[in-house]
Amino acid sequence: MALILVRHTRVDLPAGTCYGHADVPLLQPHDPPFDGVGQRLRTLLARIGVDARVGAVVCSPLSRARLLAQHLAADHGQTVAVDPRWMELHFGAWEGRRWDDIPRVESDPWAADTHHRAPPGGETQNALIARVQAALAALHAPASQPGQAVLVVAHAGPLRVALGAAQGWVASADPQQAPVSLDFGGLTWLDPQPGGGWALRALNA
């Protein structure tokens, strides 16, 4: 019936910090509040259908996604399935550094071709795309069940890959090159289509 993608809430890091696989803390109090995300989820479920319910909750193992997933799952009587394929891009040696402090001789070639170049010790955008596409394909059948919505709580990078799959564009690892912005705590509704495809029904709901 539906796949609902949820981005985690804001993190407690200085602006301009590079983070991906690093398990960084959430801003306290949560911004937006977990209860507010839960209310918007209930509103979106009502839009999806009168019989729509959360039938499964999947999340990245990183705590900034897992904590919100656990909160939302508890609201709907579900447990959380952790899937590392929904983790953010691995930025390797750049993790935790300010983007402005990363030498341009390293970051410029990467920004010019994020799909084939990786940060030192990190991964390419193509590697991220491959693992997210596999995770997304595994959710098509359960998300197609009548009355069932599958919830995925993750990060901007992998969620943009999923959104790109629905809209026919390929996500870049550079946020400045992204065709859409995903709000912290925002919900995106994808509708499973015959043949394994997806259709975008709501963005940042």
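**View 1. Helix α6 is largely enclosed by the rest of the structure, because 10 of its 12 residues are buried.** The model shown here and in the views below is predicted. The buried residues of α6 are Ala-156, Gly-157, Pro-158, Leu-159, Arg-160, Val-161, Ala-162, Leu-163, Gly-164 and Ala-166. Their packing partners are the strands β1, β4 (148-154), β5 (187-192) and β6, together with helix α4. From its first C-alpha to its last, α6 reaches 16 Å, close to the 16 Å expected for its 12 residues at 1.5 Å a residue. Just after the helix comes Gly-168, with a positive phi of about 85°.

View 2. The C-alpha trace spans about 55 × 40 × 25 Å along its principal axes. Of the 205 residues, 51% are buried. Among contacts between residues at least 6 apart in sequence, 69% join residues at least 24 apart. The accessible surface comes to about 8900 Å², and carbon and sulfur atoms account for 53% of this area. The side chains include 16 positive and 18 negative ones, and the centres of these two sets lie 4 Å apart.

**View 3. Helix α4 covers residues 125-138.** This helix has 14 residues and reaches 20 Å from its first C-alpha to its last, close to the 20 Å expected at 1.5 Å a residue. Its buried residues include Gln-125, Leu-128, Ile-129, Arg-131, Val-132, Ala-135 and Leu-136. The elements that cover the buried residues of α4 include the helices α5 (140-143) and α6 (156-167) and the strands β1 (2-7) and β6 (198-202).

**View 4. Helix α2 covers residues 63-75.** Its 13 residues reach 18 Å from the first C-alpha to the last, close to the 18 Å expected at 1.5 Å a residue. The buried residues of α2 are Ser-63, Arg-64, Ala-65, Leu-68, Ala-69, Leu-72 and Ala-73. Cover for these residues comes from elements that include β1, α1 (34-48), β2 (53-59), β3 and β4. Just after α2, Gly-77 takes a positive phi of about 65°.

**View 5. Ala-81 lies in strand β3, which covers residues 80-82.** This residue counts as partly exposed, with a relative accessibility of 40%. Leaving aside residues up to four places away in sequence, Ala-81 touches Val-57, Val-58 and Cys-59. Gly-96 is 15 residues from Ala-81 in sequence, and their C-alpha atoms are 27 Å apart in space.

**View 6. Two cis peptide bonds involve Pro-29 and Pro-32.** The bond from Gln-28 to Pro-29 is cis, with omega near -10°. A cis bond also joins Asp-31 and Pro-32, with omega of about 0°. Pro-29 lies in the loop between β1 and α1, and Pro-32 is found in the loop between β1 and α1 as well.

**View 7. Gly-197 is placed in the loop between β5 and β6.** Its relative accessible area is 26%, and Gly-197 is therefore partly exposed. When residues up to four places away in sequence are not counted, Gly-197 touches His-140, Asp-191 and Pro-192. Gly-197 and Ala-166 are 31 residues apart in sequence, and 6.8 Å separates their C-alpha atoms in space. Ala-166 is one of the buried residues of α6.

**View 8. Asn-204 has a positive phi of about 55° although it is not a glycine.** This residue is placed in the segment after β6. With a relative accessible area of 22%, Asn-204 is partly exposed.

Notes: Residues are numbered from 1 along each chain as its sequence is written. This is a predicted model: local features need pLDDT of at least 70, side-chain atom pairs count only at pLDDT 80 or more; totals for chains, interfaces and linings use all residues. Side-chain values use heavy atoms; hydrogens and water are left out. Buried means under 20% relative accessible area, exposed over 50%, partly exposed in between (1.4 Å probe, protein chains only). Contact means heavy atoms within 4.5 Å. Accessible areas come from the Shrake-Rupley method with a 1.4 Å probe; for residues, only the protein chains shown count as cover. Lys and Arg count as positive and Asp and Glu as negative; His and the chain ends are not counted. The place of a charge is taken as NZ of Lys, CZ of Arg, CG of Asp or CD of Glu. Helices (H or I, at least four residues) and strands (E, at least two) are DSSP runs, numbered from the N terminus. The expected span of a helix is 1.5 Å times one less than its number of residues.
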